[in-house]
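I am opening a notebook page on a structure that is new to me, and I will write down what I look up in the order in which I look it up.

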Amino acid sequence: MTCSLVVILTVTSCQTSGEGNIYKRLRGGQELLIHPSSVLFRAAPRCVVFHSVMFTGNNYMRDVTAVDPGWLTSVAPHFFERKKLAV
């Protein structure tokens with residue numbers, strides 16, 4: 001017997017804006033930061049996906065994962081365009 005479990009999360013992606021640790025959403029252009037308590041804060045990956053945003057004095061991404069921008073176009077080509085990603 002085979003059992004499969006599928007989990008669907010709403011994730012959003014960002015890419016560095018070239019201004020330090022500020023990221024811009026690929027859809028909408030909202031400026032976001034990786035929270036200082038994240039292990040990725042000092043790593044400053046080029047492209048990330050995240051689950052939610054914590055609104056304080058700054059807009060911090062929560063549940064952040066570094067990704068290769070090329071993965072987004074191969075996994076969800078209907079949602080991401082290669083020309084918008086700095087691949």
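Entry 1, the salt bridge. I began with charged side chains in this predicted model, and I found that E31 forms a salt bridge with K24, with 3.5 Å between the closest N and O atoms. The structure holds one salt bridge, so I also looked up how its two residues sit: E31 is partly exposed, with a relative accessible area of 38%, and K24 is partly exposed too, with a relative accessible area of 32%.

I then counted the elements and noted one helix and seven strands in the protein, which follow the pattern β-β-β-β-β-β-β-α when read along the sequence. For the surface I wrote down about 6100 Å² of accessible area, with 56% of it belonging to carbon and sulfur atoms. I noted that 30% of the 87 residues are buried. Of the contacts with a separation of 6 or more, 40% are between residues 24 or more positions apart.

Which way do the residues of strand β4 (residues 47-50) point? I found that C47 and V49 point one way and V48 and F50 the other way, and that all of them are buried. I also looked up the pairing of β4, and it runs antiparallel to strand β7 (residues 65-66) over two bridges; in β7, T65 is the bridge partner of V49.

Which residues make up the largest nonpolar core? I listed eight residues: Y23, L32, I34, L40, V48, F50, M61 and V64. The elements that give two or more residues to this core are β3 (31-34) and β4. Apart from it I found another core, of five residues, among them L26, V49, V67 and L72.

Last, I checked how far the model can be read, and I noted an average pLDDT of 75 for the protein, with 68% of the residues scoring at least 70.

Note on methods:
Residues numbered from 1 in each chain as written. Predicted model: local features only at pLDDT ≥ 70, side-chain atom pairs only at ≥ 80, totals over all residues. Heavy atoms only, no water. Helix = DSSP H or I, 4+ residues; strand = E, 2+ residues; numbered from the N terminus. Buried < 20%, exposed > 50% of the residue type's maximum accessible area, 1.4 Å probe, protein only. Contact = heavy atoms within 4.5 Å. Areas by Shrake-Rupley, 256 points an atom, 1.4 Å probe, with all protein chains shown as cover. Salt bridge = Lys/Arg side-chain N within 4 Å of Asp/Glu carboxyl O. Pairing = 2+ DSSP bridges. Core = buried A, V, L, I, M, F, W, Y, C linked by side-chain atoms within 4.5 Å. pLDDT = per-residue confidence, 0-100.
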